[in-house]
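Let me put the sequence and structure up and jot down what I look up.

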Amino acid sequence: MEKESIFLVVKDAIADVLPDVDTEAVSIEQNLKSLGANSIDRTEIVMSSMEKLGIKLPLVSFGGVENIEDMVDVMVDAYR
Amino acid sequence: MQPVGIEMLNVFGGSAYLDVDQLASHRGLDKTRFDNLLMKEKSVALPYEDPVSLGVNAAKPIIDALSDSEKDRIEMLITCTESSFDFGKSMSSYMHDYLGLNRNCRLFEIKSACYSGTTGLQMGINFVLSQVSPGAKALVIATDISRFLVAEGGGVLSEGWSFAEPSSGAGAAAMLVSDRPYVFQIDVGANGYYGFEVMDTCRPVADSEAGDSDLSLLSYLDCLEQSFTEYQKRVPGADYLESFSYLAFHTPFGGMIKGAHRTMMRKMRKAKPDIIEVDFEERVFPGLVYCQRVGNIMGATTALSLASTIENGTFDTPRRIGCFSYGSGCCSEFFSGVVTLESQQHIRDFGITEKLNQRYQLSMDEYDALIEKSATVRFGTRNVTLDTTFISEARESVNMPRLFLKEIKEYHRLYEWVQ
């Protein structure tokens, strides 16, 4: 799946977990902390994205991610 | 198969505590949604409290409740900790002395981050089940403190770590393991374990720790799912919702457990949010009560949550409790056992809640002074006499005889009983 499509799914997940965030204004370079997500929220966003995408990866695969793009890249790799 | 499990379980949550909301304000932490973390209080070790004194204070009421002949059947004393002050000498040797146990007893110490208490419990259970010494008992003491500041400098391993301070507590849990499981009868063979190498949180230097809290949360969740899945393989028909009246989790902080439980309910049962919320209150919250008051006491936290569940649950008929233990690094285990009304009475006899209520509340000034003062007993201290006048109200707080560190003399720790 294309990176852009996965980013759209992640934005959907962000909207589910952080209803107050305007996801239209979210850019891929941003990190989730700057959107007000605590560690539990960030994990929820990862899990919800994977569920929507139908992919299964150990959560620790997302251990080093620093921004949304890093997270998307891990999911893109899962499709290869 | 012969019964095995916990004959007696007691918790000692220290002599002083701090309001974590005040601490978060004091440290200038971002308090947006702080309430969601479900933290309330944390126990703080005084300079004259260490893992030995806390452990002995947890175990002493158990020993006092035994007859001499029963006491003499304790043939193994396992200390479970990540806070030891000596790489060679086991803290079990000190505890054995101050508890006055039989010398025909194995004394040793084990480490596996927050999984240590469960490791010790399982070793005790297997010792009893092996029947190499019929009727023998094992005393398992999980004890940990967090008397330190975050390792300075560094990148990933310290980011977001500031929340470790409000969540880290001090305390101990003592479990007498035998073939008379009055408090918690183990489901023998019902164990799902899961471990792998991950660098999430650790204590790589003597008086401090480092961690990547995000990675630790991710690893915890992976382990919960995998260890429960393994448990299901060994216990055909086991169901996350139906099989357990209560769930006792290793609890770094309450909000994390709420998230973990929500994830499991979604994955295992495709449960909706309102159902999950009610289920959390019913099956998980009883185990959170003590954890919210003591904080994360690492190796002893799973036992703390189990004690809290037994104290605060309803046991008009025997009930099964599912337990999940996770230790960074990492290793984890999902196991279970059965609790009765009699078990609850045994726990209540120790008056754990009353003793937590009697702890001295530290002001922020006292807490800051305490951190500074704790440097006098840092790792490797060769000689020191502890200042008994320091926050002396805490020495008079909890209404029971307590052991305190009195002096370190050529590295040898000397303790005293205070009424």
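Which residue is the bridge partner of B:Tyr17 in S15(B)? I looked it up in this predicted model, and the partner is B:Gln361.

Ground rules I noted: the model is predicted, local features need pLDDT of at least 70, side-chain atom pairs count only at pLDDT 80 or more, and totals for chains, interfaces and linings use all residues. Residues are numbered from 1 along each chain as its sequence is written, chains are lettered from A and ligands numbered from 1 in the order written, and side-chain values use heavy atoms, without hydrogens and water.

Chain B, strand S2.
I see S2 (residues 16-19) pairing in the parallel sense with S15 (residues 360-361) over 2 bridges. Strands here are DSSP runs of E, at least two residues, numbered from the N terminus, and a pair needs at least two DSSP bridges. S2(B) also pairs with S3 (residues 41-43) of chain B, antiparallel, over 3 bridges. There I found B:Leu18 opposite B:Lys42.

Chain A.
I count 3 helices and 0 strands, in the order α-α-α. Helices are DSSP runs of H or I, at least four residues.
The C-alpha trace spans about 35 × 25 × 20 Å along its principal axes.
I get 51% of the 80 residues buried, meaning under 20% relative accessible area with a 1.4 Å probe, protein chains only.

Terms used. Buried means under 20% relative accessible area, exposed over 50%, partly exposed in between (1.4 Å probe, protein chains only).
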